[in-house]
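Here is a short tour of the model shown below.

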Amino acid sequence: MNSLESSAPRGPGADGDDAVTREGVRTRLQRLGIASLQTYGLVIAILLIGAFFQSQRSEFFTLDNFVALLRAMASLAMIAFAQLFVIISGELDLSVGSVYSLAASSLAVLWLGGGNLPFHFPFLVALLITLVMLAAIGSINAFLTTVVGIPSFIATLGMLSVASGAELWIGNAGNFTPAYNTPLPPRGELATFQSLGATQLPLNIPIQVLWLLAFFIVFWIVRHRTLFGFRLLALGGNPEASRVVRLPGRRYKFIVFIVCSVVAGFAGILDFSYVGSVAPNGGGSLTFPVFAAVVIGGASLSGGRGTVFGTLLGAILLALLQNGLALIGAGAFAQDVFVGVVTIAAVSVDRLAARIRK
Amino acid sequence: MSSVQRTEAVTASTARLSGLTRSFGETQALNGLDLEISSGAVLGIAGPNGSGKSTLMRILGGEDALDSGTVTINGELVSRGLLAHMVAVVHQEPQIWPNLTIAQNLLVGREHSRYRLPAISAGEAMILADLGIATEGDREAGSCSLAVRQRTEIARAIARDASIVLFDEPNSALSEEESVALFRHMDSLVARGRLVVLVSHRLGDLVAHCGRVAVVRNGRVVTVLSGSLLSEEAIARELVVGHAHVQRSTQAAGGSSHRRDIMSVEGWTHIGGAFRDVSFAVGSGEILAIVGVEGSGARELVQSIASDVKARGRRSIFDERGQATSVRRVAYLCADRRDMLFGNLSVGGNLTIRLGIPEIAFLGGLLSLRRQRALAQKLLRRFGVRARTPLQPLPSLSGGNQQKVAIAAAIAREPMLLVLEEPTRGVDVGSKAEIYDILRTFTSSGVAAILYCTELPEAFEVADRLLVVDRGVVRTALDVHAFADVTALAETVATTERIRA
């Protein structure tokens, strides 16, 4: 409407708040969680890193590599979106990595048999049971955090161990490859399974990219356009005040924990489908990058701050690093070092910028 | 080098504060305050909230710096660093280490050892014994009662040989017996030649235990009462005298004949025992003030009205049509703004946070940004919140405007009853008047408000009726309109509190 409003000062704490007022393009972008100092910084970082890798290897900036990159980051980004909601609410879920692999192994055992379970089911039934189990895990996390009252750090740290132990027990620490399993699963079921994560869409786009897009849109709407997202932001921003104004804090935390477990498990199933086989404890290495993506994306671990778009950029930055380092032939160990350094650097820069603005 | 030798420590006999000034931004907390503290008797300090009392305490304790003015002890100028060493403060909520034992607490900061695990000396053990907490020496402070923790703070003061001991509302949460013991310890400090200062809202305690009582108002000592002039009524009068001009709103109390109950309680008893068997009602169009010092149960009583769990008994709440309704139609505002506002949301977000479907969202839970924006703008205008745009971050508003945002957000939900704790705490004079206006306008539409006040002028200015709570019991109910001025009201309340028990 006028320059007065778009020039409104926006403190670091007020970012991504969706309330109100007619505004210019910039304010509108801010409201969409797209324009903020963090996102500008991230985009610049992504471009710089991209340019560097491009200067090293000319095949870096190709459509094929770009699509491969998006495919590779799909499960990480999806889990990061769900983790973002938990973090906005003021909690955290450390168990996502082991829940990711527990879901894949459970589905395999429930469907194919073997492992330590004496029964098995048709694919869709097995999938349904797995999803229910995932919801139960999220509920337990939420129950321990909100009803019993232990810090979510402890509750989900315990769940991390429980889930990874349960996975090893259920699958008897074995590998499962549905397409070469004996007995072979029915052809139709196998096709359904493969279609989840291994379908190629036109233009050679893997279906996981579509899943990523769908999750991004849904999480973005919930975060920026629903009563739930509005109240969740408040809940994490000031838990004490949330009690005073009677926000349904416990219910909301149940929802974010359940969503987080289900999404983490679903991402595990998608990767299982894409790869075609599952090995025990494959998700352990996800824990760090999931938190890194959320934090790089500008969320505050103390709650009440963070956007879905920022998280997506955080995930892209990490994927870019991994992809680029792999292309220039740096080993897996170097990748870990770089991912760690970039995470610390991103948060330091953010903190520094906040201090300068004051 | 840094610590004064024990043998050198002088027992001060007079401390003189002259011309102390201190301002925070535009607020003049201390405005040329003069005061003399002498040994031989406890000096009492009384003053309304915001009078500069707590700033004075912080400065004496060396926790804050002066803009100008001097502090001398026995004629010698004392620096801020030395003050921190010579003055010990015993707080309302003892500031000790809850994870250490009582004995260890005594040692922190003066361990007398570099590598060894420090242990208490015979002399220090005596201090604990004198205070009657020797048997608790090995208990973790966090698991001890408030009285024991407070005595630990006193023990620390004695052990480091502080010349001046300040007691800041020390017995507001103590039982009768514990209070008596506390005052005995205070007297023995006086007997040992220490300067003892008691800051309290409890006029009875000030009169009973102090030789002189200084009344602080607007950052200076307005009078020092002693001897036959020292009485509860006299202090009460001095506390409110600056408000003698306070005018009530001209509008009458809405006529008690048409009044119907909005909320009533019977046999209302706090689960923590802060008050018991309280019965009262508040009617449409009425503003009811509940007053009582900290620890009297008044604050807990007000809080419990908006809560499902804090008290037991019979509570009835009625809606516009006189039908019974739930506690969800009661909106509560706590004393500390930070506990009811969201610094990470915008002004508009804060204004609409108590709303839901259908006010700001569609049936499916999708936000209607348009409705939210329009509502926020309407609320900004209606409550005179000075913000350029609802999109402005909340922390960019002044304290008074933030308070208005909190009240506006509560009223936006159209409650039948508004429950407020100290609604104008830390708010400038202008905003105060606006907030009173908001409350009156709100109740004039046939609903009600209950406030917890610590200051009588506030109750006099805004309330229709006043309940005095003391030791968990409602002592009296007064019709505020029956009093010509706030001094008369203050004297009556002081008398009521004295006749108790």
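Predicted model: local features only at pLDDT ≥ 70, side-chain atom pairs only at ≥ 80, totals over all residues.

## Confidence in the model

Chain A as a whole has a mean pLDDT of 87, with 90% of its residues at 70 or more. Within chain A, helix 1 (residues 3-6) has the lowest confidence, a mean of 28, while helix 6 (residues 123-148) has the highest, at 97.

For chain B the average pLDDT is 85, and 93% of the residues score at least 70. Residues 1-10 of chain B stay under 50, and the model has five contacts beyond four places in sequence for that stretch. Residues 250-257 of chain B are also below 50, again with five contacts beyond near neighbours in sequence. For the complex, the predictor gives an ipTM of 0.81 and a pTM of 0.82.

## Helix 11 of chain B

Helix 11 of chain B covers residues 369-382, 14 residues in total. From first C-alpha to last it reaches 20 Å, close to the 20 Å expected at 1.5 Å a residue.

Which residues of helix 11 of chain B are buried? They are B:Q372, B:R373, B:L375, B:A376, B:L379 and B:L380. These lie on the same side of helix 11 of chain B, because they cover an arc of only 165° around the axis. An α-helix has 3.6 residues a turn, so residues three or four places apart point the same way. The cover over the buried residues includes helix 10 (347-351) and helix 12 (399-412) of chain B. On the other side of helix 11 of chain B, B:R370 and B:R381 are exposed. After helix 11 of chain B comes B:G384, with a positive phi near 60°.

## A six-stranded sheet in chain B

Chain B also has an open sheet of six strands with mixed pairing, ordered 16-17-18-13-19-20. Strand 16 (330-333) and strand 20 (473-479) of chain B are at the edges; each has a single partner strand, so one side of each has no neighbour in the sheet. From one strand to the next, the twist averages 20°.

Strand 13 (residues 287-291) and strand 19 (residues 465-470) of chain B run parallel and are joined by four bridges. Here B:L288 stands opposite B:R465 of strand 19 of chain B. Helix 12 of chain B packs on the sheet, where it touches strand 16 and strand 17 (417-421) of chain B. The direction of helix 12 makes about 170° with that of strand 16 of chain B.

Note on methods: Residues numbered from 1 in each chain as written. Chains lettered and ligands numbered in written order. Helix = DSSP H or I, 4+ residues; strand = E, 2+ residues; numbered from the N terminus. Expected span 1.5 Å × (residues − 1). Buried ≥ 20, exposed ≤ 12 C-beta atoms within 10 Å, placed from the backbone. Arc of directions from axis to C-beta. Contact = placed C-beta atoms within 7 Å. Pairing = 2+ DSSP bridges. Axes fitted to C-alpha atoms, helices over the stretch in contact; angles between N-to-C directions. pLDDT = per-residue confidence, 0-100.
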